[in-house]
Amino acid sequence: MPCAQHEIERHALIGDCHSAALVAADGTIDWCCFHRFDQRPSFAGLVDHLRGGWLAVTPGAPARFTQRYRPSSNVLETRFETSSGAAVIVDAMSLGSFGPEMPPMELVRLVSCERGSVTVDVEIAPRFDYGMTVPRVRAFGSGIFAAYGGADAVEIETDAPLRIDPDGSALLGRLRLAEGEQCFVRVRSVDPHMLAPQRRGRADVAARIQRADDFWSSWASRCTYDGPYREAVVRSALVLKALTNAPTGAIVAAPTTSLPETLGGVRNWDYRYTWLRDAAMHLDALFALGYVDEARAFVAWLARTTAGRADELQVVYGSGGERLLPEIDLPLAGHAGARPVRIGNAAASQRQLDVYGHVVSTVHRWLEHGGELDDDLWLLVRGIVEIIERRYLEPDQGIWEVRGQPQHFVASKVLAWVAVDRALAIAERTGRDAPLDRWRMLRDAIRNVVLTRGWSHEKGSFVRAFGDDVVDASLLEIALYGFLPADDPRFSSTLARIDTELAEGPFLRRYRTDDGLPGEEGAFVIASFWRVIALAAAGRRREAREAFEAILRRANHVGLFAEEIDPATGVHLGNFPQSFSHVGLVSAAVAIGTLERA
């Protein structure tokens, strides 16, 4: 039978720092990749509810559901109550004996009846290649199965009485649990030629859940943040950690692809890759919470991936450092009919000037936190400044990756200034050889062009792009990165205009201009948090708190955010959960805490 359509916000995340799964509020797993975030999913009902695949453990009677994470953990509990009893499903992705470096690439589910008795329906329908490959399911013994097809396979172990469906592509069953009784499901990804399903038993599943819980709670306990909204900050930190790739050090923007920014529309992108911009902001948030190991791993990934060659730098990479990310449209139904479903991302070939500022800022922050500057990183920094010297007066696609004609985006020029400013600080801090006087002149030249060509005397504000007359939420970066202080009259008037033209309650649209695509997207969550940071930096404490709390109320039932939110309905839009959104939450909470301690 088809997978139920679950709204984007009706999901929770579980992961193993390699990849992730999404668990709907009724306990259905309708998205799961193993091995890496950008690999082919084994369950993809989220983007095609008819044939994408799912793992459903649901009550066999009408029920009321609640869902929560265990405290300071990414282990999830979904509780359901029926007229006859109550049960809880505990979900985790397994971690290896030594943490997430070498996990077994499996998800585990343990169902426990807590009260009375409950009927439980189980349906396991793996589908490979985003649902386009229907596997063959075979039994290897009582409760031991395997599904295989194409280049993928999974081993399945359960103590539920399941049967293979007539089509031979899924497992189905119903059981009755009395108070104190349990059942489990384990799904493990393997290469097809390595299939060798084994019986490990329920005790092993319970041990793996406990190991995952111990890992996550131990990691969360190292958070040094003691300011306001700590519970929301720790939950966001756990999301950010889950979106890191343990073996390589890469950081992905989101664990999903093609969740729509416009319901039923075409604004559907694959975010399971490493954007240098997103990763830089991600690390800034973790630095603020006392975490440095993730930065060490990412900086090593950055040095390896770029090999110090700034002239070959691109905006986005695969989490292993892959450069080729061809964008392909898949013949799938899409989430709630939003097509096309895309894999890959054509932004890899765009020129976005602001990315240089984020890369150099990452290196600068790394040094501030005790890191070292190796030769490859220094070559990268120097090369970036040389590129900016040649190109800062050229147009680009900008932070929002518009697919129309390149423009002279003001935020891009501001981040070019950031790149030179931070490169100067790095050279001065480390004593590395650099043409400091020339770099200072370049920094001043970029500043002057922003203050003259990026400012509209008629509108009394900075504008989105040279020669334009509209504002854009990315202009908030002027204060975020210290180009101007937040209380500078030029920034204050720009913020006021952004509020007037882009704000809807506490939320901000990115812009209100044509970007070459049909449909209207939602409000951008990180931009909304940037506004909170700007208010806090300007000393407007009450306004900052009120806006922050209003945004926080629109988090989903377990505290997660997608990329965007419809301000009118609260519906979450775009890929989920989104690193950018949780970075914004952490940074805004820190900004409010800093203001209150001042």
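Guide: Start with the term. On a 1 Å grid over the protein atoms alone, a pocket is an open set of points where a 1.4 Å probe fits, with protein on both sides within 12 Å along at least five of seven lines. Lining residues have an atom within 4 Å of a point. Grid points are joined across faces, edges and corners, and a volume is the space filled by probe spheres set on the points.

The model is predicted: local features need pLDDT of at least 70, side-chain atom pairs count only at pLDDT 80 or more, and totals for chains, interfaces and linings use all residues. Residues are numbered from 1 along each chain as its sequence is written, and side-chain values use heavy atoms, with hydrogens and water left out.

Now the pocket. The largest pocket holds about 580 Å³ of space. Its lining has 22 residues. Nearest the centre lie Asp 284, Arg 365, Leu 480, Ile 533 and Ser 587. Helices here are DSSP runs of H or I, at least four residues, and strands are runs of E, at least two, numbered from the N terminus. H13 supplies the largest share of the lining, eight residues. By class, 13 lining residues are nonpolar, six polar and three charged. Nonpolar covers Ala, Val, Leu, Ile, Met, Phe, Trp, Tyr, Cys and Pro; charged covers Asp, Glu, Lys and Arg; the others, Gly among them, are polar.

Pro 577 sits in the loop between strand S26 (572-573) and H13. The peptide bond from Phe 576 to Pro 577 is cis, with omega near -20°. Most peptide bonds are trans.

Next, the core. A nonpolar core is a set of buried Ala, Val, Leu, Ile, Met, Phe, Trp, Tyr and Cys residues joined through side-chain atoms within 4.5 Å. Buried means under 20% relative accessible area, exposed over 50%, partly exposed in between, with a 1.4 Å probe and protein chains only. The largest core has 192 residues, and Ile 384 and Ile 388 touch the most other members. Helix H7 (residues 410-430) gives this core its largest share, twelve residues. Leaving out residues up to four places away in sequence, Ile 384 touches Ala 310, Leu 313, Tyr 356, Val 359, Val 360 and Ala 419. Contact means heavy atoms within 4.5 Å.
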